[in-house]
Amino acid sequence: MVQQYEFSLKEYSYGFHLVTEEVLRNIPSLPKEGVLNLFIKHTSAGITINENADSTVLSDFRSFFRDWIPENYPKFEHTYEGTDDMPAHIKASVIGQSLTIPITNGRLNMGTWQGIYLGEFRYSGGRRRFVAIIIS
Amino acid sequence: MVQQYEFSLKEYSYGFHLVTEEVLRNIPSLPKEGVLNLFIKHTSAGITINENADSTVLSDFRSFFRDWIPENYPKFEHTYEGTDDMPAHIKASVIGQSLTIPITNGRLNMGTWQGIYLGEFRYSGGRRRFVAIIIS
Amino acid sequence: MVQQYEFSLKEYSYGFHLVTEEVLRNIPSLPKEGVLNLFIKHTSAGITINENADSTVLSDFRSFFRDWIPENYPKFEHTYEGTDDMPAHIKASVIGQSLTIPITNGRLNMGTWQGIYLGEFRYSGGRRRFVAIIIS
């Protein structure tokens, strides 16, 4: 059985954000056993799983990725959408645009410290759109 | 219901290439609702999703990844298959070797600007082989 | 049909390790056709697919990733769990925490040179826990 839900999250600022609870509020119900495929319909934001406890993990992600792909990278030609755009595209592909998470006993079967991160790589990315597919 | 299709794409040059249409031509039909798992059977090429409109995004991806993992990286020991080989392995794992894309109303439910990229990280990678799994 | 198996692997040292056979020993049986979703329940280790033949590929992965995210990165604030912790979180998200692999004729349908890698990014990560979901 395959169920689909399409929804938007609220707008987030540049950086990484823990969105597990907001994602789950957009999915009416989880089956007892199955799998969740979460997909983000954008090319300048990504989703990943990481630590859900200490907010400095989120800010350290932002610092590291910001330094890693500088906005003034001299070889970038795709600059007319802003200097944050091309770094955002690359970060989105490195972090990824889909997640596959097991569902067990009616809950996401993640580790104790795991949560869903949104990586917002534009300065004004707006509300991002998602598709959740549940297979059970 | 799970359907499988195995196929090769044509040979691509070193760099990133938009392959959405060529992938779809190798999948006989999409269900009304479901999910596509696309898998590349190689360790020196990868697949990701990114912008389908401006070709400078593709060339900027190539420039950035080429600089990021230099072919003459002094600590690399795995060099007997060519200096492009070890950087290709790492890039393949960073970009990823599978995609999960929702299918809605008989079409891939990607965002307006999303397309499937092949990252060809060898200079002569040959034709790459894929498995598409459709769950509906 | 969706089947689930949860298990731990033995403890691995810091670096990359080929774990295909050990993963398969923890999954009672594969269907004739389907797909395997493998998920790691941690935020400081990751899983990816890469070359299964030459062990220098594994050690070159370790060297490159160790240099790429230095433990003494000056902007990191999340340091109280050890200097290896924050680099481990970022590497885990870059490598990824789930894999989707086709199953054909009762076997994982990977390429000849593909194997499942565990990226252990802590110095003492302990035994890592996984969920395997098989859809057929």
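A:His17 touches A:Tyr12, A:Leu58, A:Ile116, A:Tyr117 and A:Leu118, leaving aside residues up to four places away in sequence; touching, or contact, means heavy atoms within 4.5 Å. This is a predicted model, where local features need pLDDT of at least 70, side-chain atom pairs count only at pLDDT 80 or more, and totals for chains, interfaces and linings use all residues. Residues are numbered from 1 along each chain as its sequence is written, chains are lettered from A and ligands numbered from 1 in the order written, and side-chain values use heavy atoms, without hydrogens and water.

You'll find A:His17 in strand β2 (residues 15-18) of chain A. Helices (H or I, at least four residues) and strands (E, at least two) are DSSP runs numbered from the N terminus. Is A:His17 buried or exposed? Its relative accessibility is 16%, so A:His17 counts as buried (buried is under 20% relative accessible area, exposed over 50%, partly exposed in between, with a 1.4 Å probe and protein chains only). The A:His17 side chain also reaches the backbone oxygen of A:Ser13 at 2.7 Å.

Now for the place where the two chains meet.

| Item, chain B with chain A | Value |
|---|---|
| Contact residues from chain B | 31 residues |
| Contact residues from chain A | 30 residues |
| Buried area | about 2500 Å² |
| Share of that area from carbon and sulfur atoms | 57% |

Buried area is the accessible area (1.4 Å probe) that two parts lose on being put together, summed over both. On the chain B side, B:Asp60, B:Phe64 and B:Thr100 supply 23% of the area that chain B buries against chain A, more than any other three residues.

There's one salt bridge between the chains: A:Lys75 pairs with B:Asp67, and their closest N and O atoms are 2.8 Å apart. (A salt bridge is a side-chain nitrogen of Lys or Arg within 4 Å of a carboxyl oxygen of Asp or Glu.) Which element gives the largest share of the side of chain B that touches chain A? That's α2(B), with nine residues.

How do the copies relate? Rotate chain B by 120°, with 0.0 Å of shift along the axis, and chain B superposes on chain A with an RMSD of 0.0 Å. The two copies are therefore related as by a three-fold rotation axis. Superposition here is by least squares on the C-alpha atoms of residues with pLDDT of at least 70 in both copies. In chain B, the C-alpha nearest the axis belongs to B:Val94, 3.4 Å from it. The copies use different surfaces, too: 13% of the contact residues of chain B recur in chain A.

Conventions:
Polar contact = N/O pair within 3.5 Å; in protein donor to acceptor, adjacent residues only side chain to side chain.
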